[in-house]
Structures are given as structure tokens and as C-alpha cells.
Amino acid sequence: MLILDDLLLSPYTGMKWLFKEIHRQAHEELEGEAERITAELSDLYRRLESGEITEQEFEVRETKLLDRLDQLQQDANLLDEEDEEDEEDEEDEEDEEDA
């Protein structure tokens with residue numbers, strides 16, 4: 001009976017793994033972009049201090065970068081909330097299987 005269950009559930013298991021992998025990649029991409037923006041901000045501050053750009057240019061670029069960083073953090077928070085919901089759903093499924 002277990003082999004039959006495994007065969008019947010294999011499409012579900014495969015899709016579940018695929019979605020988890022996509023989710024993991026999305027997290028990594030968000031983290032990488034946040035690091036890139038932080039590096040750009042550091043470079044922007046350095047350029048301001050060295051006189052390569054004016055304060056007006058600095059403020060415009062800084063505002064854009066900070067807005068993008070805020071958006072990334074909001075997106076990451078949404079993903080984290082979805083993670084928590086998924087974990088709760090998995091626990092509920094395990095509890096149902098045990099019963």
C-alpha cells in the first residue's frame with residue numbers, strides 16, 4: 001500500500017519541491033539585490049564626501065536607492081509571512097496524517 005501511496009502522491013511531491021526551490025531562489029535574489037543596493041549607497045556616500053557629485057545628485061540617487069531597499073524589505077516580509085503560513089499548513093497536514 002505504501003508504494004501505491006508514493007506513486008499517487010509523486011506529482012504532488014514533485015510540485016511541492018519545485019515551488020520550494022523557486023521560493024528559495026526568490027529569497028536569494030532579494031538578498032543579493034539588497035546587498036547590491038547597500039554597496040551602491042556606500043559608494044554614493046564616498047562619492048559625496050570626495051566631491052565627485054553634488055548634494056542634489058546625492059539626494060536624488062539616495063532617495064531612489066532607499067525607496068528600492070524599502071520595497072525589497074517589504075517583499076521579504078511578505079515572503080517570510082508566507083513561509084510561516086506554509087509551515088503551519090505542513091504541521092496541520094502532519095497532524096492529520098498521524099491521526
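What share of the contacts in the chain with a separation of 6 or more is accounted for by residues 24 or more positions apart? I find 63%, taking contact as heavy atoms within 4.5 Å.

**Entry 1. Basis.** I work from a predicted model, in which local features need pLDDT of at least 70 and side-chain atom pairs count only at pLDDT 80 or more, while totals for chains, interfaces and linings use all residues. Residues are numbered from 1 along each chain as its sequence is written, and side-chain values use heavy atoms, with hydrogens and water left out.

**Entry 2. Overall layout.** I count two helices and zero strands in the chain; helices (H or I, at least four residues) and strands (E, at least two) are DSSP runs, numbered from the N terminus. Of the 99 residues, 14% are buried (buried is under 20% relative accessible area, exposed over 50%, partly exposed in between; 1.4 Å probe, protein chains only). The chain exposes about 8,200 Å², of which carbon and sulfur atoms supply 52%; these areas come from the Shrake-Rupley method with a 1.4 Å probe, and for residues only the protein chains shown count as cover.

**Entry 3. Core.** I looked up the largest nonpolar core and found ten residues: L30, I37, L41, L44, I53, F58, L65, L69, L72 and L79. Such a core is a set of buried Ala, Val, Leu, Ile, Met, Phe, Trp, Tyr and Cys residues joined through side-chain atoms within 4.5 Å. Helices α1 and α2 (55-98) each give two or more residues to this core, and α2 provides the largest share, five residues. Beyond its neighbours within four places in sequence, L65 contacts I37, E40, L41 and L44.

**Entry 4. Salt bridges.** I count eight salt bridges, each being a side-chain nitrogen of Lys or Arg within 4 Å of a carboxyl oxygen of Asp or Glu. E33 pairs with R68, the closest N and O atoms being 3.0 Å apart. E33 lies in helix α1 and R68 in helix α2, so this pair ties together parts 35 residues apart in sequence. E40 and R36 also form a salt bridge (2.1 Å, N to O); both lie in helix α1, four residues apart, about one turn of the helix. E33, R36, E40 and R68 are linked in a network of salt bridges.

**Entry 5. Surface.** I note a nonpolar surface patch of about 550 Å² made by M15, W17, L18, F19 and I22. Patches are made of residues with over 30% relative accessible area and no salt bridge, with like charges joined within 9 Å and nonpolar side chains (Val, Leu, Ile, Met, Phe, Trp, Tyr) within 5 Å. M15 belongs to helix α1 (residues 2-50) and is partly exposed at 43% relative accessible area.
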